[in-house]
Each structure stands twice: as structure tokens, then as C-alpha cells.
Amino acid sequence: MLAVSAGVSIPDDEIILTAIRAQGAGGQHVNKSSTAIHLRFDIRASSLPEFYQQRLLAFNHHLITSDGVVIIKAQEYRSQELNREAALARLVALIQDATRFQKARKATAPSKNAKRKRLDSKNRRGETKTLRGKVNY
């Protein structure tokens, strides 16, 4: 079971983990061993609560396909176990990001005192600049 939050977890059989060969340079090790992990998670077929499914399907993210499948490729470590843990951690982070609520922004306006101070300082700067002009004798 993969714990997403206190009351929500994903059974292991809903997550498909496949070992593949990693891309990029690395010499003999990368050419011979399948250390990268390819994770697939079908949102619609999962046992996640309806709220989580709706938020994930509406979430615009490059890891979620139009069919509602999360595809994560982890290949940053040389070990298959570490890549597996990294892929699962990225899945949990994606689900938590999708279900996080944004605080509503409250519109604010500067106070009368703040406006007055700003205008006074502008006038003071203007007076200083006029004093920098040519001096007539």
C-alpha cells in the first residue's frame, strides 16, 4: 500500500512498475542493466476517492495523459530500488499537488495615510531635483 495522505492509500496492484534500461551515457553498466523504472497508474481504474480522481483528471500536468494515465519514468539513480522509491514518491507528490487547495486572494488597497506618504515623498523628490538646476547670479 502506498500512503498518499492520512486516510487515502493506493493498493500495490493498481500501480504498474516496469524495469527498463536507462537512457544516456553510463558505459557498460547502463547498457547491460535495467535500472530505470517506468511507472503507470490509471486514475479512472483506481480505488482513489471520487474527489481525488476528479482533481487529478482536471489537473493540467505533463505526467498525466489525456486518457487519465499517470506515466512516470525514474532513472536518476544507478539502483533499481532507489529509482522505484523515487517514482513512487513523485506519484505521491503529484497527487498531493493536484488535491491541494489554493488560498483565495483577498483584494487590498493602500490606506489613505500610505497614499499621502507616497505623494509627499514624490513631491520632496521633485523639489530636490528642481534645486539641481542652473544657478542664476
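Four salt bridges were found in a search of the whole structure. A salt bridge here is a side-chain nitrogen of Lys or Arg within 4 Å of a carboxyl oxygen of Asp or Glu. The model is predicted: local features need pLDDT of at least 70, side-chain atom pairs count only at pLDDT 80 or more, and totals for chains, interfaces and linings use all residues. Residues are numbered from 1 along each chain as its sequence is written, and side-chain values use heavy atoms, with hydrogens and water left out.

One of the salt bridges joins Arg90 to Glu76, with the closest N and O atoms 3.7 Å apart. This pair links distant parts of the chain, 14 residues apart. Arg90 sits in helix H3 (residues 80–99), whereas Glu76 lies in the loop between strand E5 (69–74) and H3. Helices (H or I, at least four residues) and strands (E, at least two) are DSSP runs, numbered from the N terminus. Arg90 counts as partly exposed because its relative accessibility is 30%. Glu76, at 47%, is also partly exposed. Under the cut-offs used, buried means under 20% relative accessible area, exposed over 50%, and partly exposed in between (1.4 Å probe, protein chains only).

Arg84 is partly exposed at 23%, and Glu81 is partly exposed at 44%.

In helix H4, Asp120 and Arg116 are four residues apart, so about one helical turn separates them. Their side chains form a salt bridge, the closest N and O atoms being 3.3 Å apart. Asp120 has a relative accessible area of 32% and is partly exposed. Arg116 is partly exposed at 46%.

A positive surface patch is made up of Lys112, Lys115, Arg118, Lys122, Arg124, Arg125, Lys129 and Arg132. Patch residues have over 30% relative accessible area and no salt bridge; like charges are joined within 9 Å, and nonpolar side chains (Val, Leu, Ile, Met, Phe, Trp, Tyr) within 5 Å. Arg124 belongs to helix H4 (residues 112–130). Its relative accessibility of 52% makes Arg124 exposed.

Helix H2 (residues 50–58) has Tyr52, Gln53 and Leu56 buried. Viewed down the axis of H2, these buried residues fall within an arc of 100°, so they line one face of the helix. The arc is that of the directions from the helix axis to the C-beta atoms. Glu50 and Ala58, on the other side of H2, are exposed.

Methods. Accessible areas come from the Shrake-Rupley method with a 1.4 Å probe; for residues, only the protein chains shown count as cover. Lys and Arg count as positive and Asp and Glu as negative; His and the chain ends are not counted. The place of a charge is taken as NZ of Lys, CZ of Arg, CG of Asp or CD of Glu.
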